[in-house]
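Welcome to my notebook. I will go through this fold a piece at a time, and you are welcome to follow along.

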Amino acid sequence: MQASYVVNVIKDNYNAKVYSKYYSEIQKQNWDYDRFMTLASIVQSEAGDVENMKKVASVYINRLNDSDNYPRLQSDPTTTYVKKIIKPTLKLENDQRYIAYDTYQGLGLPPGAISNPGVEAIEAVLYPASTDF
């Protein structure tokens, strides 16, 4: 099996399940698509289970909407991502990249996703619980 075939199967599956179904709603809510998927990836990694995803999404959206009081998202999975994924794969130390992805250090969302969010995490960010957390 050729790599291009596998990539196309993955891309077609993604487009069928995610992109075509949710993209217009993401746009309606004025999200930048990449920022949206980055947040969904954090929710996916943080929530632990589907039942908590909407609450977790609510917390992060509330923080993003009140960045004066909450400049950092403070998500443990982003710190883990830096320690277990970024640091071991970089040949040269890059403190700026570490800070950008670690939401205990960097401001707002990291520059990219930290995992592949599932449909439940995507829906949680689109339709978060209504909380003041």
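**Ground rules.** I call a residue buried when its relative accessible area is under 20%, exposed when it is over 50%, and partly exposed in between (1.4 Å probe, protein chains only). This is a predicted model, so I kept to its limits: local features need pLDDT of at least 70, side-chain atom pairs count only at pLDDT 80 or more, and totals for chains, interfaces and linings use all residues. Residues are numbered from 1 along each chain as its sequence is written, and side-chain values use heavy atoms, with hydrogens and water left out.

**Entry 1: isoleucine 26.** I began by asking: is isoleucine 26 buried or exposed? Isoleucine 26 has a relative accessible area of 1%, so I noted it as buried. I found this residue in helix H1, residues 3-28. Helices here are DSSP runs (H or I, at least four residues; strands are E, at least two), numbered from the N terminus.

Next I looked up which residues isoleucine 26 touches, leaving out those up to four places away in sequence. They are Trp31, Tyr33, Phe36 and Leu126. A contact, in my notes, means heavy atoms within 4.5 Å. I also checked isoleucine 26 against tyrosine 104, which is 78 residues along the chain from it; their C-alpha atoms are separated by 26 Å.

**Entry 2: helix H1 as a whole.** I did find a kink of about 45° in H1, centred on asparagine 15. The bend at a residue is the angle between axes fitted to the seven residues ending there and the seven starting there.

Which residues of H1 are buried? I listed Val18, Tyr22 and Ile26. A reminder to myself: an α-helix has 3.6 residues a turn, so residues three or four places apart point the same way. The buried residues of H1 pack against helix H2 (33-47) and H6.

**Entry 3: H1 beside H6.** How do the axes of H1 and helix H6 cross? I read that the axes of H1 and H6 (residues 119-126) come within 11 Å and cross at roughly 10°. The axes are lines fitted to C-alpha atoms, for helices over the stretch in contact, with angles running from 0 to 180 degrees between N-to-C directions. I therefore wrote down H1 and H6 as roughly parallel to each other. That label is for angles under 35 degrees; over 145 is roughly antiparallel, 65 to 115 roughly perpendicular, and the rest oblique.

On the H1 side I noted Val18, Lys21, Tyr22, Glu25 and Ile26, which meet Val119, Ile122, Glu123 and Leu126 in H6. By class, this contact has six nonpolar, no polar and three charged residues. Ala, Val, Leu, Ile, Met, Phe, Trp, Tyr, Cys and Pro count as nonpolar, Asp, Glu, Lys and Arg as charged, and the others, Gly among them, as polar.

Within H6, I found Ala121, Ile122, Ala124, Val125 and Leu126 buried. Their cover includes H1, H2 and helix H3 (50-65).

**Entry 4: serine 41.** I moved on to helix H2, where serine 41 is found. Serine 41 has a relative accessible area of 0%, so it is buried. Setting aside residues up to four places away in sequence, serine 41 touches Ala113, Ile114, Ser115 and Pro117.

**Entry 5: two loop residues.** Asparagine 30 sits in the loop between H1 and H2. It has a positive phi of about 60° although it is not a glycine. Asparagine 30 counts as exposed because its relative accessibility is 70%.

Glutamine 74 is in the loop between H3 and helix H4 (76-89). This residue, too, is other than glycine and has a positive phi, near 55°. Glutamine 74 counts as partly exposed, at 41% relative accessibility.

**Entry 6: back to tyrosine 104.** I placed tyrosine 104 in the loop between helix H5 (95-101) and H6. At 37% relative accessibility, tyrosine 104 counts as partly exposed. Its contacts, not counting residues up to four places away in sequence, are Arg72, Gln74, Ser75, Asp76 and Thr79.
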